[in-house]
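Student: I have a model open and would like to go through it piece by piece. Can you take my questions as they come?

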2 protein chains.
Amino acid sequence: MASPIEGTAKTVTIRDVAAAAEVSIGTASKALNGRGRMRTETRDRVLAAAERLGFRPNPLAQGLLAGRTYTVGLVTGDSFGRFSIPVMLGAEDALGAGQISVFMCDTRDDPIRERHYVERLLARRVEGIIVTDRRTEPRPGIGRDLPVPVVYAMTQSTDESDVSIIPDDEGGGALAARHLLATGRTRIGHVTGPEGFQAARLRARGLASVLAAAGLEPAGEALFGQWSEEWGRQGADILLHAAPDVDAVFCGSDQIARGVAETLRDRGRRVPEDVALVGFDNWEPMVLGCRPPLTTVDMNLGEIGRLAARHLLDAIAGTPSGGGVTIVPASLVPRESTRRATPKG
Amino acid sequence: MASPIEGTAKTVTIRDVAAAAEVSIGTASKALNGRGRMRTETRDRVLAAAERLGFRPNPLAQGLLAGRTYTVGLVTGDSFGRFSIPVMLGAEDALGAGQISVFMCDTRDDPIRERHYVERLLARRVEGIIVTDRRTEPRPGIGRDLPVPVVYAMTQSTDESDVSIIPDDEGGGALAARHLLATGRTRIGHVTGPEGFQAARLRARGLASVLAAAGLEPAGEALFGQWSEEWGRQGADILLHAAPDVDAVFCGSDQIARGVAETLRDRGRRVPEDVALVGFDNWEPMVLGCRPPLTTVDMNLGEIGRLAARHLLDAIAGTPSGGGVTIVPASLVPRESTRRATPKG
DNA sequence: TTGAAAGCGCTAACAA
DNA sequence: TTGTTAGCGCTTTCAA
């Protein structure tokens, strides 16, 4: 059915099609776009010619006339890293379906490059811009009163009237906490990333508020450190020292959780029998490589991207969804590391 | 210095600039492009008007005339995964510098989607296409006699006349082997991914040929399995059983190496004192999270991307670099896991 | 039912 | 030195 893409070596214009079908250019255009009325025979002749010649309308010319480009820009400071990629894929999903193509730009987290790229995108007359970044912290917007709508995904603009779509870090923390409570844990510790990260603070807060609501004390203080396995190993030792009776650890990332898991093993604590473990990110290679496979929180990054794209499309269509921050709920992904503790004894 | 990007709310055409500067459109064009000769005063007046109005030339119109779009397409089957991203970044590097913008398309490894995207890219009159994929195996090309040049990066086209840029898996294996020999190891085992992967076979062959040249027997057979930590753990046990005197393991991926490292620990073998370990990929989170940090082989994916982009640019410029496969050398990244064994005793 | 002509924003010849 | 004109590929009036 689908013939391979081939041999349009030379570019075919509507002029060629018209000539081949022996009609005027205007007629050819109408035939190809199904506009106006004309004899079916004529239309068919044009379509056949177009088919035969492998005609592809030039979207530049079309866009020039329509004043549209059917393109958007995707700007990331994350070097298309672990977080921005799922967001991008979600966005591309939503955009690609609508015949919108995506220009990608990686700013390497450099404001000069960012500015440069935004200029270039605007020059190219993209119809909208999605900005993603590696941190959810509010960041300066990419420009004021830009001629096209902008949506921030997985990051926020400091300008509150801008549209931002972010994950629910606090909700994710709460989710993890409730899951641990539901599986019978009561002495819950927390090892997470640097306190300078909003994500770390919010996740900790989500945990803390659920514990408080349940009338429980946390097991030791929340331990802020690095986003690394190494820190997870250290943090676990600190935690075991501060709260030897800990029966669960909620970690700010899957990497940290792996480090914690290793130390627990080394110290003779079994996961999940003695200590349950919950990570954050649902980063598959980490989560599945962990012993045992790790229960974790998924931020639904793809959904963030899709939502960002949908907001952008709405704004492009002239029905902006109103500014402000949209928070996408997280999900809990249960695995072996929090299997219900068997009754003591 | 750099003022924030702002307020070009309404699109400004060269017509507006010409009117503001009280010159004809043609003159404005020449002034803006530095063509022809004219009074500096006039030129300055035009430039000032353009600046003041925030004029950005419409590249669609420019491209329409020049018959160029200054865009290329980047098609990946890898969902912008771990391998295609560095390649993409490298490509974007080389392209972005030259004012070329990149359309990204993710085919989700689906031939229908791929075809669809390629059609769309061609319709958009991209000037070239880079194809990346998750496997280096030769794959059917994206089309025959396309009107634009195509470069395959991190994958190969089955059509040998196509341009492909791939990593040096065999060389990487050899590099790892020589490094292990140089650090005094002689009983070298190999645990790697599925034999169905060219990458796995080539890496194994690189190791084997170096061992053979050194007159050494491998420690046990090459163990083909999965690209997972879990397999690394299993594989290590098999290896220890088959060749208890093994003093080094070369692994087909960093993930496998981590699994191997864990099993070695569990079995009381110290890394690197008793057994040295080399991975493959230089995937930082894996490599640095490993205990101890992992010596590994880096495929220089960024370089692959840059090279692909350069080939593409050459072809676009009309000086194609000739078809065929280009192999990019790998590098060894030494870390703790192969620290030289201290003399016995 | 079809064709001719204007024009999208721009550049490059050529004329003035 | 500047302005005028034609035309890139296409769509869309409007006239035939």
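Tutor: Contact here means heavy atoms within 4.5 Å. This is a predicted model, in which local features need pLDDT of at least 70 and side-chain atom pairs count only at pLDDT 80 or more, while totals for chains, interfaces and linings use all residues. Residues are numbered from 1 along each chain as its sequence is written, chains are lettered from A and ligands numbered from 1 in the order in which they are written, and side-chain values use heavy atoms, with hydrogens and water left out.

Student: On to the DNA. Which residues come nearest to DNA strand C?

Tutor: K30(A), R37(A), T42(A), I14(B) and L65(B), out of 25 residues around DNA strand C. Sugar and phosphate make up 62% of the atoms of DNA strand C that come within 4 Å of the protein. A residue counts as near a strand if one of its heavy atoms lies within 4 Å of it.

Student: Which polar atoms lie by the phosphate oxygens of DNA strand C?

Tutor: Among them, an N or O atom in the side chain of T42(A) is 2.5 Å from a phosphate oxygen. A polar backbone atom of R39(A) is 3.0 Å from a phosphate oxygen, and a polar side-chain atom of S29(B) also lies 3.0 Å from a phosphate oxygen. A polar contact is a pair of N or O atoms within 3.5 Å; within protein, one must be able to donate a hydrogen and the other to accept it, and residues adjacent in sequence count only if both atoms are side-chain atoms.

Student: Which helix gives the largest share of that surface?

Tutor: α2(B), with five residues of the surface near DNA strand C. α2 (25-33) and α4 (59-66) of chain A and α2 (25-33) and α4 (59-66) of chain B each supply at least two. Helices (H or I, at least four residues) and strands (E, at least two) are DSSP runs, numbered from the N terminus.

Student: And DNA strand D, what surrounds it?

Tutor: 26 residues surround DNA strand D, and the closest are I14(A), R35(A), L65(A), R37(B) and T42(B). Of the atoms of DNA strand D within 4 Å of the protein, sugar or phosphate holds 61% and bases the rest. α2(A) gives the most to this surface, with four residues.

Student: Where does a base nitrogen of DNA strand D sit by a polar backbone atom?

Tutor: At A61(A), whose polar backbone atom is 3.4 Å from a base nitrogen of DNA strand D. Phosphate oxygens of DNA strand D lie 2.9 Å from a polar side-chain atom of Q62(A) and 2.9 Å from a polar backbone atom of R39(B).

Student: Changing topic: is α5(B) mostly covered or uncovered?

Tutor: Mostly covered, since eleven of the 14 residues of α5(B) are buried, including I85(B), V87(B), M88(B) and L95(B). Buried means under 20% relative accessible area, exposed over 50% and partly exposed in between, with a 1.4 Å probe and protein chains only.

Student: What span should α5(B) have?

Tutor: At 1.5 Å a residue, the 14 residues of α5 (residues 84-97) of chain B should span 20 Å, and the end C-alpha atoms are 20 Å apart, which agrees. The expected span is 1.5 Å times one less than the number of residues. Q99(B), with a positive phi near 65 degrees, follows α5(B).

Student: T155(B) next. Buried or exposed?

Tutor: T155(B) is buried, with a relative accessible area of 0%. T155(B) lies in the loop between β5 (150-153) and β6 (156-157) of chain B. A polar atom of the T155(B) side chain lies 3.2 Å from the backbone oxygen of R135(B), and the side chain reaches the backbone oxygen of E137(B) at 3.5 Å.

Student: And where is W227(A)?

Tutor: W227(A) is in the loop between β9 (223-224) and α9 (229-242) of chain A. W227(A) is partly exposed, with a relative accessible area of 26%. Not counting residues up to four places away in sequence, W227(A) touches residues including P194(A), F197(A), R203(A) and I256(A).
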